[in-house]
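Trainee: Could you go through this structure with me and show how each term is decided?
Mentor: Gladly; here it is.
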Amino acid sequence: MTTQKPILEQQQSQMQIRMMKNPGIVSNMINESPLSRDDKDDEMSRSAVAMFRAKEEEIEKRKMEVRDKVHAHLGRAEEATKRLAEIREELEALTDPMRKEVSMVRKRIDTVNRELKPLGLSCQKKEREYKEALEAFNEKNKEKAQLVSKLVELASESEKLRMKKLEELSKNVETLS
């Protein structure tokens, strides 16, 4: 559009220059008969209309060029949008299975943690019971060892006493005989 105005102004200025160079044309126009003036006016009108049509055609041509460029840009933008959508789908397809697997593993970990808590408590309880039972076992074993040693001691003492009595009886029998 900005190129159209200078072209129109240029054509008008050229027309004015011609009139200035040939001042006779202007005086002839004034002195000539009305018919020749009309012919010249018609000719000037035709040339002005022709110039206007040429300008319109140029404007239309530029409009079409701009429209074609815009359509080309829109086409490329649509292609880029489609490609980006495809890439996004591919990315989602890539990350989605991993998300599912991670989610499943996390759920399984949570389940195992829930199962571990009571087992841990049970284990601690059983360890305490084991320690208490071991302690009781060791105490009873100690007591048994003491009793066995006492038994051995008593048996030994009893044997000594019996031997002593046997010796005494044996002496008594010898003295009697």
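Trainee: How many helices and strands are there in the protein chain?
Mentor: The protein chain of this predicted model has 3 helices and 0 strands, where helices (H or I, at least four residues) and strands (E, at least two) are DSSP runs numbered from the N terminus. Residues are numbered from 1 along each chain as its sequence is written, and side-chain values use heavy atoms, without hydrogens and water. In this predicted model, local features need pLDDT of at least 70 and side-chain atom pairs count only at pLDDT 80 or more, while totals for chains, interfaces and linings use all residues.

Trainee: Why is Leu84 called exposed?
Mentor: Exposed means over 50% relative accessible area, buried under 20%, and partly exposed in between, with a 1.4 Å probe and protein chains only. Leu84 has 54% relative accessibility, so Leu84 counts as exposed; its place is in helix 3, residues 34-176.

Trainee: What share of the 177 residues of the protein chain counts as buried?
Mentor: By that cut-off, 2% of the 177 residues count as buried.

Trainee: In the protein chain, where is confidence lowest, and where is it highest?
Mentor: On pLDDT, the predictor's confidence in each residue from 0 to 100, helix 2 (residues 23-31) is lowest with a mean of 49, whereas helix 3 is highest at 89. The mean for the protein chain is 83, and 78% of its residues reach 70 or more.

Trainee: How much of residues 123-157 is helix?
Mentor: That span is 100% helix and 0% strand, and its end C-alpha atoms lie 49 Å apart.
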